[in-house]
Amino acid sequence: MDNILTLAGQNLLTPMILCFALGGFAALARSDLSVPEAAAKTMALYLMFAIGFKGGVAVSKSGIDGHVLAAMAAGIALSFLLPIVAFGLLRVVSRLSAVEAAAVAAHYGSISIVTFATASGVLALRGIEAEGYMVAVSAAMESPAIITALWLAARSGQGRRVEPGLWREILLNGSIVLLIGAFAIGMITGPDGMAKVEAFVVAPWQGVLCLFLLDMGLVAGRGLRGARGLIGVGLVAFGVVMPLVGAAAGLGAALALGLSLGGTVLMMVLAASASYIAVPAAMRVALPEANPSVALTLSLGITFPFNLVFGIPAYLAVAEAILGG
Amino acid sequence: MDNILTLAGQNLLTPMILCFALGGFAALARSDLSVPEAAAKTMALYLMFAIGFKGGVAVSKSGIDGHVLAAMAAGIALSFLLPIVAFGLLRVVSRLSAVEAAAVAAHYGSISIVTFATASGVLALRGIEAEGYMVAVSAAMESPAIITALWLAARSGQGRRVEPGLWREILLNGSIVLLIGAFAIGMITGPDGMAKVEAFVVAPWQGVLCLFLLDMGLVAGRGLRGARGLIGVGLVAFGVVMPLVGAAAGLGAALALGLSLGGTVLMMVLAASASYIAVPAAMRVALPEANPSVALTLSLGITFPFNLVFGIPAYLAVAEAILGG
Amino acid sequence: MDNILTLAGQNLLTPMILCFALGGFAALARSDLSVPEAAAKTMALYLMFAIGFKGGVAVSKSGIDGHVLAAMAAGIALSFLLPIVAFGLLRVVSRLSAVEAAAVAAHYGSISIVTFATASGVLALRGIEAEGYMVAVSAAMESPAIITALWLAARSGQGRRVEPGLWREILLNGSIVLLIGAFAIGMITGPDGMAKVEAFVVAPWQGVLCLFLLDMGLVAGRGLRGARGLIGVGLVAFGVVMPLVGAAAGLGAALALGLSLGGTVLMMVLAASASYIAVPAAMRVALPEANPSVALTLSLGITFPFNLVFGIPAYLAVAEAILGG
Amino acid sequence: MQTYAAKRVEILIEAPMESRLTAALTAAGVKGFSVLPVLGGAGQSGRWSADGQLGRAGMVAVICLVDPARLEPLLDAAFGVVERHIGLINVTDAQVIRKTRF
Amino acid sequence: MQTYAAKRVEILIEAPMESRLTAALTAAGVKGFSVLPVLGGAGQSGRWSADGQLGRAGMVAVICLVDPARLEPLLDAAFGVVERHIGLINVTDAQVIRKTRF
Amino acid sequence: MQTYAAKRVEILIEAPMESRLTAALTAAGVKGFSVLPVLGGAGQSGRWSADGQLGRAGMVAVICLVDPARLEPLLDAAFGVVERHIGLINVTDAQVIRKTRF
Ligand SMILES: Nc1ncnc2c1ncn2[C@@H]1O[C@H](COP(=O)(O)O)[C@@H](O)[C@H]1O
Ligand SMILES: Nc1ncnc2c1ncn2[C@@H]1O[C@H](COP(=O)(O)O)[C@@H](O)[C@H]1O
Ligand SMILES: Nc1ncnc2c1ncn2[C@@H]1O[C@H](COP(=O)(O)O)[C@@H](O)[C@H]1O
Ligand code: NA
Ligand code: NA
Ligand code: NA
């Protein structure tokens, strides 16, 4: 526990977290500081490309084997199942309708690639290796949760027949295509490819992440400011408890898979994190009755900073306690 | 031939080409992956600035002499003459009207700075030096082809009196001003200037090119998807044969000029490549009757990837065979 | 004097200044070269974040002490007082109305962070250290001038009751929040934080500044082209004399504070430079009767290049003469 | 100058629904439309802004000039998409210069 | 399809004034509006362009669909903000599909 | 609030032709106009999108509020530019608040 708090403290005082806090402060104080939409989207492309590519290069030696497929299958299962837990919790702690709860649940079954990336950075800093293919697992976990959410909404009688176009959209979502594509490019070109683009995808990465987190802080802060009244105590509690539930499930899966310490932490982080890029758009199309602010404020304004500051060090401490540091 | 295919294979498996392929795949599969317009334009500014600057620094020792002027004159002549060949070919292999054929021909007389840049990268990797002033040649070749195209259209009775404003627009086109301007800045500030901006214009260059090619793949793929029906077998053949014709003409010019191996390859690449940035806008103004999709799909969707994958290694192999590696 | 001219010559021939000149030339020649708005805004965010962060890291050892607070107080006093001088000068040399003169005066009391950054670069190149907290001084100097300008306009009977919202806007202006925020992050995370983001905030900085100055040249050139007639000889003289007045005041303040050579130059540069980001928007809200082109053309089209080319070397030479190099 | 009566239809719709709307318009025989960006706005669900957004969020404005005779099928098609979603449709009378294209 | 009469109000205003305008609209009971970007333009004070701009410069277009009965307070509110500032307000008659939201 | 009749002219035109159009408008005595971005669209020549475009491609929307008396010369000027090019001109009746500037 002491260990966690020390780490949380250290983690709090990195430029990344402080940039997020600065953005949040600026938005809450109603400063006109803002990042152009095109810049935010381009940084997201850059970060995802770099994460995917680095993961692919790491796997280029070992290649795709049974371990990789098993980990992906486990990730997919988590993404399918976690929304059911989230849905149940939400119906208990909040007054959200079934459709609204289903929409929020979809976000929590899916993943946050920036949380994943920040955790990778923390591991790298402490010299802990992780399986390179975890980035493929992250891509695989993006969408199954959406399907569960649609089923949960349909069960409540409020969902509708899903039009065929939606499946293609969900599976060929830009972030999935980019993550998997960059991963494949990294695998194919290996260390040679890395040598060519290292100065772009590795060196400035943490700095770009800082600016990106500044923007995320701005968006989260604006969301929190607009969502006063929407988010009661029950939902706030959900935003903190659900990542712990997810992390526990991720830990179970990691132990079953026999992942390394680093891989275990990443699996916990994926399960614990909530989407704010791909899932919101899908929910607007499929469950338009659900107010998008609720899910976005929870995932970006509460769960995301919780994972960044407390979650990652806590998951690492737990994994170290179990697997031995 | 074997050599070419090996090289083509190697070339295919670089992160750059694979990024282009990923973009093309995403667009054809109708993924919503997209690069913001502002990001694409900014990357183009960056790439052109860096190419121009590096070329200028390379020339800063020798300065502008008769060789430079002769090469620029040869480039200008090629840009003036190649559209006539392209026009003739197009009238034979396709049913394009005279105006439409003239518009496409303008694209092929002009150049693709990204193809040029990729070829420079391939040369650098194999340790082959090239004349730094080739970037000035590339800028000089941007617009003469437009004039020929207007003349070809006028000959057919369909072109119109060109308003005076157009000349200024063509000659002071943004990409020409940036390439020549950055070249001049590189020449003036030399290695001292390079030391100041090296970490920006050299180190991350290949990585930015990757993201840029991802975008070009997206645009090319979207174009191909929309152009079904517009582009028949004849036009596809033109998109592959015309670069070979251009490369042959470029080779002739390079031999006459006595360029080095690297310079010869670059001259071939310039003549072989087709414009998709500056010329399309000029054609919309001057020859609005020509459907822009045809030229853009040919130059970006067929000739560009052809040059990237097969052209560059082939031109290099031919130049090596003639000049000795 | 000789020394100044040599330095001005050297300064002129850096990639930064030449990029500004290229942009100015392109705009005056009516080339269609342009930088997307989103890119310009993002580069400004990057440059300010990096400047603030570096300043904070530099102060992280010594911390905030009496010297810092004294320097900030002096900067605030300059920002409050310089507009009065500027206003007086303007009323003598031009026919601007009181409100228009007040609006221009606000720009000259405030600061140009890019001029500050360029001066820091020149100092770094010559191995001259400066107080890291000068970046906090620069942020403190952004807005007091606005208050003086409103008072000057009100005195003339034309200003109006300032609505309360304006104060928050002025104090929580995006550039102030970002500069101070990044400064604080740099102070808190210190050299450890710097190690994480160095490849992003230090290495490519000068290169990004080049592209940014290209854009500023474009904007300044477009302004000059549109402002023909608006800016007479008197105003041009003001645009050159006022920075000298400001620099003299800055020199006095620096000597009183006992700043180092580097800090003295930076204080002179801050006082000599004029705003073109934060103040224009505030003036549109508070003094809408004042034509924005006048102030923007003066600060960006005349004073900015004057400071870049002649001012910085001159201020350095003077400070060296007084403090000893 | 000779002008012709036309209807100017403007549809404010959520960005993730854009492709469905334009597909429905095309299916309803609409000959052309243009999509304009929207920076932000406010309504029952509060204030939003495109600034710094990461996903395909926000709204777009689809403008469609049509022959008055084709208005009904267009509105039916648009309403079919917008019905369950956030979306505002407004129609104004306009004059156009060229009769083709509508 | 059943339509209802509405007014389409379009306000071109300087970007730094946007928040004041939308606050005034909200205070006047306007239920919704959308803000569209403007790339450039020309008027008495000459030509301007958003290209490469560094600060919050330029203009935006605020579009507001309202019930005709609510037009007067909206115009009063908008004019109160625009009065001393650059700003153009135009109103057109429109038909809308859904009566809520206005 | 006192309003005045005006015409709202909206011209959708290819981006490379923008400067020619605005020059022609200015030459025809038009006192002001605003240019809005267009993200994409569809027409006879198919679907297009501004996403990731490299050159000055795509379209823009030019909005112009004019005194009804000045409409004819404006339309003549606009049509002169648009004639051979892709371009849609539509005119709607509007009310404006301030009579200057038109
Ligand atoms: N009356 C209106 N006029 C213009 N735009 C509106 C109006 N009502 C809603 N909108 C737009 O539609 C979005 C969603 O509206 P709502 O569902 O009411 O929150 C708003 O944020 C605005 O962008
Ligand atoms: N008649 C008009 N129609 C459309 N936009 C206009 C008109 N007049 C002015 N504007 C816009 O308002 C801005 C400022 O106008 P002005 O104050 O007249 O310079 C212009 O740059 C245009 O963007
Ligand atoms: N009826 C229409 N309404 C709105 N925009 C249109 C219309 N027709 C064409 N456009 C726009 O004009 C562009 C070119 O049209 P076209 O020449 O018909 O392909 C389209 O891609 C649209 O952006
Ligand atoms: Na999750
Ligand atoms: Na060529
Ligand atoms: Na100053």
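A polar contact is a pair of N or O atoms within 3.5 Å, where, within protein, one atom must be able to donate a hydrogen and the other to accept it. In this predicted model, the interface of chain F and chain B holds 8 residue pairs in polar contact, counted where both residues are at pLDDT 80 or more. The contact brings together 17 residues of chain F and 25 residues of chain B, and the area buried between the two chains is about 1,800 Å², with carbon and sulfur atoms giving 49% of it. On the side of chain F, the residues that lose the most area to chain B are F:Arg20, F:Leu54 and F:Arg84, which together account for 41% of what that side buries. Between chain F and chain B there are 3 salt bridges; one of them joins the side chains of F:Arg20 and B:Glu169, with an N to O distance of 2.8 Å. The side of chain F that touches chain B is made up of 5 nonpolar, 7 polar and 5 charged residues.

A further interface is formed by chain D and chain E, to which chain D contributes 27 residues and chain E 24 residues. About 2,100 Å² is buried between these chains, and carbon and sulfur atoms give 59% of that area. In chain D, the most area is lost to chain E by D:Leu39, D:Phe79 and D:Leu88, together 20% of what that side buries. The interface of chain D and chain E contains 10 residue pairs in polar contact, both residues being at pLDDT 80 or more, and the side of chain D that touches chain E divides into 13 nonpolar, 8 polar and 6 charged residues.

Because A:Ser110 lies in the loop between α5 (98-109) and α6 (113-125) of chain A, and A:Ser273 in the loop between α13 (261-272) and α14 (278-286) of chain A, the pair ties together parts that are 163 residues apart in sequence.

Key. Residues numbered from 1 in each chain as written. Chains lettered and ligands numbered in written order. Predicted model: local features only at pLDDT ≥ 70, side-chain atom pairs only at ≥ 80, totals over all residues. Heavy atoms only, no water. Contact = heavy atoms within 4.5 Å. Buried area = accessible area lost by both parts, 1.4 Å probe. Polar contact = N/O pair within 3.5 Å; in protein donor to acceptor, adjacent residues only side chain to side chain. Nonpolar A, V, L, I, M, F, W, Y, C, P; charged D, E, K, R; others polar. Helix = DSSP H or I, 4+ residues; strand = E, 2+ residues; numbered from the N terminus. Salt bridge = Lys/Arg side-chain N within 4 Å of Asp/Glu carboxyl O.
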